[in-house]
Amino acid sequence: MAKKKKTGISLAVTILLCLLTALAGGVYTAYALMNEKYGGDHPAYTRELVRSLDRGSFEYKIAEKILGEQAVAAMRQKEAQPAKDEAVKADIPKAAADPDTNGDGVYIEHIYAPTYEGYMMVVKDPSKVYITVNPDMGSGRAAPELEDYVEMNHALAGINGGGFEDSGGTGNGSIPEGLVIQKGQIVHGTAATTSAIVGITKDHKLVTTTTNGASALAMGVYEAVTFGPTFITDGRVTYRPGTDNLNMLNPRTAVGQQKDGTMLLLVIDGRGPSSFGAKYEDVIEVFQKYDAVMAGNLDGGNSSVMIYNGRYIHYPVSMYDSRNLPSVVLVRGDE
């Protein structure tokens with residue numbers, strides 16, 4: 001009796017096909033993961049990874065393949081730099097050979113580093129920058145939001161100001177922290193209240209120091225709010241690492257001044273996929289890059305916000321754009 005001829009795929013071929021399929025699937029999965037890792041929607045995460053790679057390693061080459069050699073090289077630079085090709089809202093004046101493109105003495109640069117991105121507003125005329133406070137301070141009623149301050153004062157631009165009582169993140173800006181000075185008068189705190197202040201004198205000089213109310217007035221401080229720490233005073237870095245347990249990656253707002261009087265208003269985004277936030281040392285580095293001789297920290301986190309020409313310059317952490325704020329730093333518009 002004749003034997004039946006075997007048909008079909010042999011076991012060895014089947015195993016080989018399975019192995020090839022698994023290998024192809026593994027390669028595809030690995031590529032998809034790497035593409036998401038280095039080309040996904042989380043640029044701050046990507047920048048931090050690229051900075052940690054050993055030059056010439058296999059993964060470094062993969063990152064270059066996905067992002068391009070120039071992009072990888074730019075991400076590995078240590079200092080914050082003005083962004084070149086990143087999207088910025090169309091109505092933001094950008095620094096250029098003639099940076100004051102809107103003719104209002106103000107321009108804004110988009111800055112970034114491995115863990116953050118943000119905006120530096122440069123105001124050439126220091127007399128345009130001033131601090132104003134909640135007109136219903138201490139009443140218990142909710143303070144205005146930044147856009148309300150801007151509208152009430154016909155301001156060109158503004159950022160949030162000093163700290164306030166915010167138990168559980170539900171504060172309404174009615175009760176500020178520490179020392180507050182407005183028009184040369186102490187409106188919160190006393191002459192003995194000692195605080196880290198950001199103040200402005202009547203001749204438009206920024207004051208960033210820790211002092212009491214009496215000494216602040218003696219220095220000629222005309223407006224001031226409380227927050228901290230102080231970063232730079234008279235060209236010298238005054239912040240000491242390890243002295244504050246809040247020095248983590250967070251949204252930041254700060255203000256500085258150059259020797260010629262130019263005011264520097266900084267907001268850094270955080271707590272999001274495109275920007276984790278900045279530490280105090282990062283903020284100091286930015287102000288040093290801008291040749292600030294004075295610089296101080298303002299309230300950050302969910303309070304960090306910047307408006308220019310009636311529009312938000314960035315995407316605040318707060319889902320409602322601006323919180324109720326006890327004080328703000330404004331830039332005068334046309335009278």
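Modeller: A residue is called buried under 20% relative accessible area, exposed over 50% and partly exposed in between, with a 1.4 Å probe and protein chains only. Tyr280 has 2% relative accessibility and therefore counts as buried. This is a predicted model, in which local features need pLDDT of at least 70, side-chain atom pairs count only at pLDDT 80 or more, and totals for chains, interfaces and linings use all residues. Residues are numbered from 1 along each chain as its sequence is written, and side-chain values use heavy atoms, with hydrogens and water left out.

Colleague: Why is Tyr239 called buried?

Modeller: Its relative accessible area is 4%, and the limit is under 20%. Tyr239 is therefore buried.

Colleague: How many aromatic pairs does the structure hold?

Modeller: There are two. Rings of Phe, Tyr and Trp (its six-membered ring) pair if their centres lie within 6.5 Å; planes under 30 degrees apart count as stacked, over 60 as edge-to-face and the rest as tilted. For Phe231 and Tyr280 the centres are 5.8 Å apart and the planes stand at 55°, so this pair is tilted. Phe231 belongs to strand β11 (residues 230-233) and Tyr280 to helix α7 (residues 280-289), so the pair links distant parts of the chain, 49 residues apart. Helices (H or I, at least four residues) and strands (E, at least two) are DSSP runs, numbered from the N terminus.

Colleague: What makes the pair of Tyr239 and Tyr280 edge-to-face?

Modeller: The ring centres are 5.3 Å apart and the planes stand at 75°, so the pair is edge-to-face. Tyr239 lies in the loop between β12 (236-237) and β13 (252-258), so its pairing with Tyr280 in helix α7 ties together parts that are 41 residues apart in sequence. Phe231, Tyr239 and Tyr280 form one aromatic cluster.

Colleague: Over which ring does the charged end of Arg332 sit?

Modeller: It sits over the ring of Tyr130, 4.2 Å from the centre. The term requires NZ of Lys or CZ of Arg within 6 Å of the ring centre and within 35 degrees of the ring normal. The charged end of Lys289 sits over the ring of Tyr290 at 5.4 Å from its centre.

Colleague: How many bridges join β5 to strand β18?

Modeller: Five bridges join them, and the strands run antiparallel; two strands pair if DSSP finds at least two bridges between them. Asn160 stands opposite Val328 in β18. Strand β5 (residues 155-160) has six of its six residues buried.
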